[in-house]
Number of protein chains: 4
Amino acid sequence: MKRKICVVVTARPSYSRIKTALSAIKNHPDLELQLVVAASALLDRYGSAVQTIERDGFQIAAKVFNVLEGENLTAAAKTTGIGILELSTVFDNLNPDVVVTIADRFETMATAVAASYMNIPLAHIQGGEVTGNIDEKVRHSITKLADYHFVASEDAKKRVLALGENPDYVFNTGCPSIDLAKKIVNYPSLDFDPITKYGGVGGDPNIKQGYWVVMQHPVTTEVSQSRHHIEESLKAMHEMNQPVLWFWPNVDAGADGTSTGIRSFREKNDLNQFHFFKNMDPLDFLKLLYHSKGLIGNSSVGIRECAFLGVPVVNIGTRQNRRARGNNVIDVNYSKSEILAALRSISESPRPISSDVYGGGDAGFQIANLLAELPLVYHKTITL
Amino acid sequence: MKRKICVVVTARPSYSRIKTALSAIKNHPDLELQLVVAASALLDRYGSAVQTIERDGFQIAAKVFNVLEGENLTAAAKTTGIGILELSTVFDNLNPDVVVTIADRFETMATAVAASYMNIPLAHIQGGEVTGNIDEKVRHSITKLADYHFVASEDAKKRVLALGENPDYVFNTGCPSIDLAKKIVNYPSLDFDPITKYGGVGGDPNIKQGYWVVMQHPVTTEVSQSRHHIEESLKAMHEMNQPVLWFWPNVDAGADGTSTGIRSFREKNDLNQFHFFKNMDPLDFLKLLYHSKGLIGNSSVGIRECAFLGVPVVNIGTRQNRRARGNNVIDVNYSKSEILAALRSISESPRPISSDVYGGGDAGFQIANLLAELPLVYHKTITL
Amino acid sequence: MKRKICVVVTARPSYSRIKTALSAIKNHPDLELQLVVAASALLDRYGSAVQTIERDGFQIAAKVFNVLEGENLTAAAKTTGIGILELSTVFDNLNPDVVVTIADRFETMATAVAASYMNIPLAHIQGGEVTGNIDEKVRHSITKLADYHFVASEDAKKRVLALGENPDYVFNTGCPSIDLAKKIVNYPSLDFDPITKYGGVGGDPNIKQGYWVVMQHPVTTEVSQSRHHIEESLKAMHEMNQPVLWFWPNVDAGADGTSTGIRSFREKNDLNQFHFFKNMDPLDFLKLLYHSKGLIGNSSVGIRECAFLGVPVVNIGTRQNRRARGNNVIDVNYSKSEILAALRSISESPRPISSDVYGGGDAGFQIANLLAELPLVYHKTITL
Amino acid sequence: MKRKICVVVTARPSYSRIKTALSAIKNHPDLELQLVVAASALLDRYGSAVQTIERDGFQIAAKVFNVLEGENLTAAAKTTGIGILELSTVFDNLNPDVVVTIADRFETMATAVAASYMNIPLAHIQGGEVTGNIDEKVRHSITKLADYHFVASEDAKKRVLALGENPDYVFNTGCPSIDLAKKIVNYPSLDFDPITKYGGVGGDPNIKQGYWVVMQHPVTTEVSQSRHHIEESLKAMHEMNQPVLWFWPNVDAGADGTSTGIRSFREKNDLNQFHFFKNMDPLDFLKLLYHSKGLIGNSSVGIRECAFLGVPVVNIGTRQNRRARGNNVIDVNYSKSEILAALRSISESPRPISSDVYGGGDAGFQIANLLAELPLVYHKTITL
């Protein structure tokens with residue numbers, strides 16, 4: 001009988017990151033994939049990842065709407081509570097052999113608590129990294145609930161072991177997001193027009209001569225400043241006066257500040273060099289990055305995929321704090337002038353060399369194999 | 001303005017453990033106590049801790065019924081989910097400066113998730129200990145969410161630091177349960193009749209010549225064997241044929257097996273040396289232990305209070321696995337013969353010497369002072 | 001394509017009542033049965049209806065644990081809230097064409113709210129009856145949410161129409177419980193030994209010479225008196241000193257008083273003529289009634305099945321207040337002496353004649369046909 | 001001791017409607033007001049009624065965030081489930097003598113279920129009206145749960161009685177919204193500039209020479225057409241080419257279609273005669289209506305307050321279907337041409353005469369007095 005592997009996807013970026021692992025699980029002869037889609041991955045205003053997932057040919061075993069409205073911290077907590085309540089029922093009905101939770105978004109704790117409390121072996125993807133905000137509390141907390149750890153770098157592996165986890169169950173598989181990135185490194189040029197294909201709103205800049213990509217999320221511990229933070233970036237990009245493709249933020253406490261900041265800036269300024277997107281097929285997004293002048297913001301894509309792809313990154317603020325990085329990243333504060341300085345430095349430098357700090361592109365394959373072969377365990381004790 | 005300290009009590013044993021800290025917070029000139037009572041602490045069949053709490057003179061700021069029926073693992077997960085959902089509302093309405101969560105019962109995770117997600121500084125009492133079951137996952141997971149750590153032993157302190165917590169916020173206060181124990185070490189004899197005062201069911205053994213106390217909880221990772229486990233203890237105590245005062249187990253996955261085992265054994269055997277209690281005032285319970293021949297089971301009381309009180313303990317099975325202990329404990333497996341051998345060894349040995357491995361009796365006082373003085377922080381990063 | 005009919009069963013007695021409709025739906029060529037089992041139907045201490053359901057060969061599409069512990073009124077409300085939350089997810093995933101809710105237990109409101117809010121046509125079985133407690137509020141309230149009404153008597157039909165429902169969608173199918181009863185009217189004698197087959201606890205009365213059956217539930221508006229109420233019945237049956245087969249009550253606010261009353265009476269009295277059961281296969285239960293001297297209590301079985309079977313009933317208190325009844329029922333107050341008088345009257349009278357006030361035994365068949373043929377509607381307006 | 005009256009406000013329009021009753025309760029010597037604010041009344045994007053409430057000097061006893069994101073029907077059901085779960089806790093902690101629920105929005109069912117299940121006497125304001133969509137199911141369903149009925153018209157009173165409610169507890173108090181309307185009938189002219197005072201977005205039409213007000217909500221049973229519906233109104237008002245003050249819709253399933261329709265129309269058309277508002281102080285809103293040329297849309301304000309104020313109304317579609325109305329209303333379909341014809345007819349006719357079909361302006365006062373004097377009951381039986 002096949003092992004039933006239940007993967008819970010709660011957000012668009014998590015799906016992009018896990019996609020090759022999902023395919024590898026689905027295609028593994030000894031595994032059956034049970035895909036659960038929940039939280040913002042189901043919602044229109046965060047890009048309806050669920051539609052992409054279905055278009056990609058994955059069957060969905062259950063959908064769970066659990067995002068409580070408010071976009072404040074109370075809502076984040078309650079979303080997690082509802083998630084536990086409902087995922088418990090889902091797990092009880094699907095009866096999986098292993099549950100997989102991805103990374104460190106607040107609502108992934110729901111998957112981790114439900115599975116570990118129900119004595120279902122829990123695999124955690126991308127533990128051990130350091131970023132210095134609520135994500136970090138969540139990430140390490142999930143590490144202490146998880147039975148298997150599929151980490152993305154040597155640095156992360158060391159840290160998970162230092163946290164007292166059993167070395168038999170800690171594996172540096174690299175990040176599955178690199179698997180996707182690997183597929184597009186040979187594309188000589190952008191093979192689609194992003195505005196035609198994805199719509200969005202804003203101006204119609206000429207991207208033929210190069211363009212920047214921006215993706216900046218609110219930081220949950222700095223909610224009250226999210227509007228100021230986004231404005232510094234908006235001003236910098238506006239002053240740079242070159243084509244900009246801008247992506248809307250995740251659902252997170254603080255997104256209102258970020259969104260409001262963007263809307264208000266648009267109303268007051270003539271942004272004909274800016275175009276705004278809600279979401280994009282992950283592969284297209286990577287192509288877009290690969291052929292861009294660089295990525296600006298605080299997305300982990302800048303740290304991971306861009307390291308492998310050799311794309312320059314202006315990493316703003318604290319969100320990616322202590323994550324291992326390649327030499328493609330320039331770190332700056334929330335500051336128009338620092339951002340501008342970094343953009344100019346990138347413009348004048350050669351393209352960074354590719355780095356395998358987050359893996360070599362076979363993470364999905366390794367993860368599926370491990371899920372098929374590891375003994376099923378849910379009882380552990382700390383090694384410290 | 002006084003700091004508002006919100007303590008969430010979810011079970012009878014947690015209340016006993018935290019009581020002196022509650023009093024110290026209540027009486028501290030710079031603190032205001034916001035006491036929330038939830039989960040099994042509200043339920044009749046787990047001894048209605050809430051009534052004791054009110055009788056002890058504490059005002060209750062909010063009650064939250066969140067125990068989902070089932071006494072299986074799914075119910076434990078769902079209880080935790082409901083807890084997060086509702087405690088978020090409670091915290092939003094009470095607006096505390098610090099939230100305090102106690103120990104490692106599954107539902108304490110609800111307090112920890114709600115507070116940490118809402119950026120309310122979280123204090124955790126009794127982290128860092130090792131027991132080797134789901135409690136341990138919960139305990140270390142809460143450590144990674146908590147901002148302040150008030151641990152109960154040097155061993156625990158070392159482990160919390162090893163987990164990468166900031167040394168400025170890790171304190172070995174000792175266990176507040178020892179504060180209570182300290183109050184009764186001078187009582188020359190039992191000053192109440194437990195059956196008269198607390199009712200209960202079963203025989204009416206003559207405890208004047210000595211008696212044993214039993215308190216054995218189901219172990220969440222060994223649910224299917226909980227009935228077998230309790231039967232070995234029942235058989236051993238039955239064969240010993242001396243007065244036994246037996247306490248019903250906590251609400252936990254597996255309690256049905258334990259309860260059913262006890263009920264069924266009672267129906268089939270003449271247990272006139274046994275008397276069964278649902279609960280007891282914490283101080284009376286300590287007196288009962290202090291004057292007993294010894295405690296049998298897997299309660300942490302055996303490891304903590306009994307160390308300080310010098311009460312012999314037969315500790316059964318894995319539940320207290322790797323917790324630091326005094327020299328009062330004999331560890332045995334779920335085995336009638338091993339239990340009997342331990343009982344005989346105790347009967348033939350002198351009373352153990354008191355140990356301060358879990359503190360010297362001023363933990364509540366230390367905790368209140370720290371809560372009044374520590375800077376309010378909710379942002380942390382791992383030191384590893 | 002077959003119509004998907006989702007039936008939500010939340011309690012053991014509802015299952016007994018609906019069973020023939022479930023079979024008829026399952027076997028109908030144009031229907032697909034989606035059976036959801038929830039609430040006390042999943043719980044051990046209410047007789048695990050779920051096991052009977054599976055043994056009867058029904059496939060379960062989803063299980064939902066939603067009983068909040070407390071057995072008080074707050075818990076009943078919260079159980080309903082959790083039910084709505086989770087059943088919405090279940091309906092969203094199963095995507096039924098019609099949802100069926102049964103009768104008037106408090107938690108059936110969850111089915112009704114979830115389905116009607118999601119614009120899924122809702123069929124209500126057994127609306128229109130009158131009992132005069134919270135069940136009645138629930139029942140009529142569900143009538144106002146439901147799109148189709150399958151009522152059990154002419155009296156009920158008149159009332160549903162008087163409530164302003166569209167006559168095109170109100171049908172007196174009779175009660176499906178009568179379908180079951182019809183199957184056993186020809187059994188000449190009890191063909192099983194209830195104690196051997198179902199265990200239970202208590203004495204071993206000799207039932208060969210006749211026996212009484214007791215089934216008495218707490219009444220939600222009279223919670224505080226539930227213990228007194230059950231004690232009158234216990235005393236009466238004790239004084240009668242004839243074999244008694246006693247069934248434990250439903251999960252309801254007040255069950256604790258009822259259960260405690262029974263336990264305490266057992267401890268204080270020698271009840272060797274009493275045997276207690278948790279539950280029984282519905283068919284066996286009907287056989288047991290059919291061959292009994294009579295039923296005592298407040299179960300609706302006395303009003304319905306016993307009318308058809310011609311079994312004498314002592315109906316105690318307010319719970320079945322204004323329900324239509326055959327001539328088999330003697331109504332009494334919560335009073336030992338009134339109960340005893342009724343028992344004696346029954347002992348001295350001939351067996352009542354069968355009545356079809358609750359239908360002729362083809363309700364399940366009629367319901368399935370209607371579900372297959374009715375137009376799918378979820379929009380209505382009051383006719384008043 | 002004062003009677004504790006707990007009123008649950010879940011949306012901006014409900015607050016406007018109930019405001020004078022809240023004041024009358026607050027000021028009544030025998031009553032204590034416990035105000036609970038929940039659901040969309042707490043959310044920014046529905047106009048933060050909570051801020052208005054606090055500014056108006058009401059103290060809030062508890063806030064409950066329970067709106068599940070999705071703006072689809074599943075989310076409406078789940079919002080109600082979460083509401084029950086949390087309001088139960090709130091009621092358990094506040095311990096009110098009476099709970100008051102307002103009108104017929106889907107989430108008001110949560111208040112009704114929680115209170116009635118907890119045996120707290122439930123007062124329902126504005127039952128008995130007919131509109132012909134899910135609101136109607138909810139409204140009549142709440143009538144069957146409620147113990148006291150404070151209805152707004154004779155027509156509604158007749159219907160509540162026809163539903164089998166006890167005449168002793170059914171009162172035509174008129175609608176408290178008329179109380180507010182009464183306060184402004186003597187204002188000779190608009191005493192504030194709406195755009196200056198309330199901001200909003202859009203053009204800056206000259207309203208000195210008259211203006212129209214539009215308020216059109218999605219209809220829950222016609223979700224898929226909500227975009228088409230709003231577009232007909234947009235086109236009509238655009239073609240009319242006179243100043244329009246337009247209010248955003250409620251949070252309801254379908255709001256996305258309505259909102260998207262408005263946004264998209266704005267992007268494609270030059271709407272310099274339109275100005276859009278999120279919300280307005282209720283009194284200011286009434287003044288705005290009183291001095292307008294007329295109201296267009298499907299808000300119940302058109303049926304109620306505008307009847308009393310003598311403001312012409314173009315009532316579009318099915319939402320106010322069978323509600324009693326004054327002679328100020330012209331009913332039309334979702335049709336540009338019908339709307340235009342009605343606007344022209346209004347422009348050419350004299351102002352309608354004031355009607356007291358929804359009361360004479362002392363509803364709040366009557367309601368408070370009844371709440372102080374009615375016997376406390378929660379047990380009822382149908383009179384049919």
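Select chains A and B together: on being put together they bury about 4,100 Å² between them, 63% of it on carbon and sulfur atoms. Buried area here is the accessible area (1.4 Å probe) that two parts lose on being put together, summed over both. This is a predicted model, in which local features need pLDDT of at least 70 and side-chain atom pairs count only at pLDDT 80 or more, while totals for chains, interfaces and linings use all residues. Residues are numbered from 1 along each chain as its sequence is written, chains are lettered from A and ligands numbered from 1 in the order in which they are written, and side-chain values use heavy atoms, with hydrogens and water left out.

**Chains B and A**

Show the residues in contact (heavy atoms within 4.5 Å). Chain B contributes 45 residues and chain A contributes 45. Two salt bridges are counted between these chains, a salt bridge being a side-chain nitrogen of Lys or Arg within 4 Å of a carboxyl oxygen of Asp or Glu. Zoom in on K137(B) and D147(A), whose side chains meet in a salt bridge at 2.9 Å, N to O.

There are also 23 residue pairs in polar contact between chain B and chain A, both at pLDDT 80 or more. A polar contact is a pair of N or O atoms within 3.5 Å; within protein, one must be able to donate a hydrogen and the other to accept it, and residues adjacent in sequence count only if both atoms are side-chain atoms.

Now colour the elements on the chain B side: α3 (73-94), α4 (108-117), α5 (134-145) and α6 (154-162) of chain B each give two or more residues to the side that touches chain A. α3(B) gives the most, with 13 residues. Helices (H or I, at least four residues) and strands (E, at least two) are DSSP runs, numbered from the N terminus. By class, this side of chain B has 21 nonpolar, 15 polar and nine charged residues. Ala, Val, Leu, Ile, Met, Phe, Trp, Tyr, Cys and Pro count as nonpolar, Asp, Glu, Lys and Arg as charged, and the others, Gly among them, as polar.

The same surface serves both copies, as 100% of the contact residues of chain B recur in chain A.

**Chains A and C**

Next, select chains A and C, where ten residues of chain A are in contact with ten residues of chain C. The buried area is about 830 Å², of which carbon and sulfur atoms give 47%. Zero salt bridges are counted here, and four residue pairs are in polar contact, both at pLDDT 80 or more. On chain A, β3 (60-64) and α3 (73-94) each supply at least two residues of the side that touches chain C. α3(A) gives the most, with six residues.

**Inside chain A**

Finally, colour chain A by domain: domain 1 (3-174 + 361-373) and domain 2 (183-348), with bounds from an automatic or database domain assignment. The contact takes 31 residues from domain 1 of chain A and 26 residues from domain 2 of chain A. Three salt bridges are counted between these domains. Display D104(A) and R323(A), which form a salt bridge with the closest N and O atoms 3.0 Å apart.
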